[in-house]
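Have the sequence and the 3D view ready.

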Amino acid sequence: MNNAFVIRTKDRKEPEVVSVILCGGHGSRLWPISTQVHPKQFLNVRGEPLLAHALRRAGKISRRVILVTNEKFLPQTEHIVASRRDSLDVTFLVEPVSKNTGPAVSLVIRHLLDIGDEGSICVFMPADQLIDNEANFALDVKRAILAATRSLTIFGMPPSKPEPNYGYIKAQKDALGEYSATSFVEKPEFNLANQMFNEQDWYWNLGLVCASVRDMAVRFEAHARDIWRISESVFSAASLNGRYTKFEERSFSLFPSISIDNAILEKSTSINMILASFDWVDIGSWPAISACFAGDASGNTKSESVEAYFFDSSNVHVQGQPDGKSTRAVYVLGLENVIVADTPEALLVASRDSASRIGSSQEVAAAIPERSTSAGSTVFRPWGRFTVIEKVDEFQIKLLFINPGQSLSEQVHAKRSEYWTILSGEALIEVEQNVSKMTAGEQIRIVMEKKHRATNIGSDILIILEAQLGDSFDEEDIVRTKDLYGRR
């Protein structure tokens, strides 16, 4: 790779535009529907995951998309990208750990410099937003792209209420009706948010940034030189494989965890602001989640995935399972201003005011497990996903959903036997040296210490009912002898 910042002029009448989706966060404030295993960008809202909404918007800007994600989320991210029917040209930058948007943006700029695209315009967008009036969004982005040929450009919106969960921009309007940003405040206390709401020159920061590669590189050099230098070594140590650039953890861990706002925007001058003409919701808090759904006369709302009934209650939101239909109804009686989130892993009941503290409370965070494989939980893997149906001391029952062309690792268990029943699809089953094709209704027993693997050789998802019997059902009782995805 060529890591030096060298300008190579290209003969272009208009700059090429690259949509960049930032998709590596965890969304801890929305636990339990957003977790370390299944973060909020994969949450189904209005019929599809938030990441799918972002991909659709990105496609309205450019067919060329760079998607920055965490390696833990790569299988889910790939699945959502592959399920779309458009022809986006997607490149993946894969982080080993999350270090916020500052380092992520620096690596996007390094990547584009490396391939000689210093003249391109990047439109950076989070994966966890909902935007209505997408025609207006596309028009506003076109204005921003034009403005970004002169200087970095961001988007603002007049606040409709004091909102401590959002960032704010102070901007001045010139005689030509154009706005320039003069200062930033990130997630203020309520009293300060209320003060800014009552003033006329503060706007919500929509988290959308439009800048040329050249401009952003100069700003990193000027205002975040430590990040810029680390990004050079991280990029030098990266591994490239087609559309994928994967960064190794040792050098990546040297990055500070810092947002692009704190690293660059707050220290910069000459920033344009586009006044947005579209509707926008940042899905970063429970009030924002509830605002996505139509309410009844008392302001009660519920997600599409749950059956909920409200009696003598007001301003209550009930959220069901994040990636499918909830299995039980929720009845709410005599409550006001409450959030109820019912998932297989956990049930959250909190006042609207308290719910926003989940991500910042160390006491709450300490009580939340990093991951769960309890009954009803779904875990994603490179080959697809599995759902735990039942788990007791003596046995565990799971449903495996293997995507077309994908395969479980060839593996051995020392402490459990398995029984596979094909429920749907076509499978190639390997047990030691025996290979057989199996379809719906066929079964096979896999005894302890026998190498085995299942591959989906059909065009539809392969569904296997797996019953495990033994002394241990943990991941530690998996010894992989072959794996398509490089796992051990």
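The charged end of which residue sits over the ring of W228? It is R110, at 3.8 Å from the ring centre. The model is predicted, so to speak of local features pLDDT must be at least 70, and side-chain atom pairs count only at pLDDT 80 or more, while totals for chains, interfaces and linings use all residues. Residues are numbered from 1 along each chain as its sequence is written, and side-chain values use heavy atoms, with hydrogens and water left out.

**Charges over rings**
- A charge sits over a ring if NZ of Lys or CZ of Arg is within 6 Å of the ring centre and within 35 degrees of the ring normal.
- K398 also has its charged end over a ring, that of F386, 3.8 Å from the centre.

**Aromatic pairs**
- The structure holds 13 aromatic pairs (Phe, Tyr or six-membered Trp rings with centres within 6.5 Å; planes under 30 degrees apart are stacked, over 60 edge-to-face, the rest tilted).
- One of them, F155 with F278, is tilted, with 6.3 Å between centres and 50 degrees between planes.
- F155 is buried at 1% relative accessible area, and F278 is buried at 2% (buried is under 20%, exposed over 50%, partly exposed in between, with a 1.4 Å probe and protein chains only).
- Y309 and Y331 are stacked, 5.0 Å centre to centre and 20 degrees between planes.
- Y309 is partly exposed at 32% relative accessibility, whereas Y331 is exposed at 59%.

**A cluster**
- F235, F247, F252 and F255 make up one aromatic cluster.
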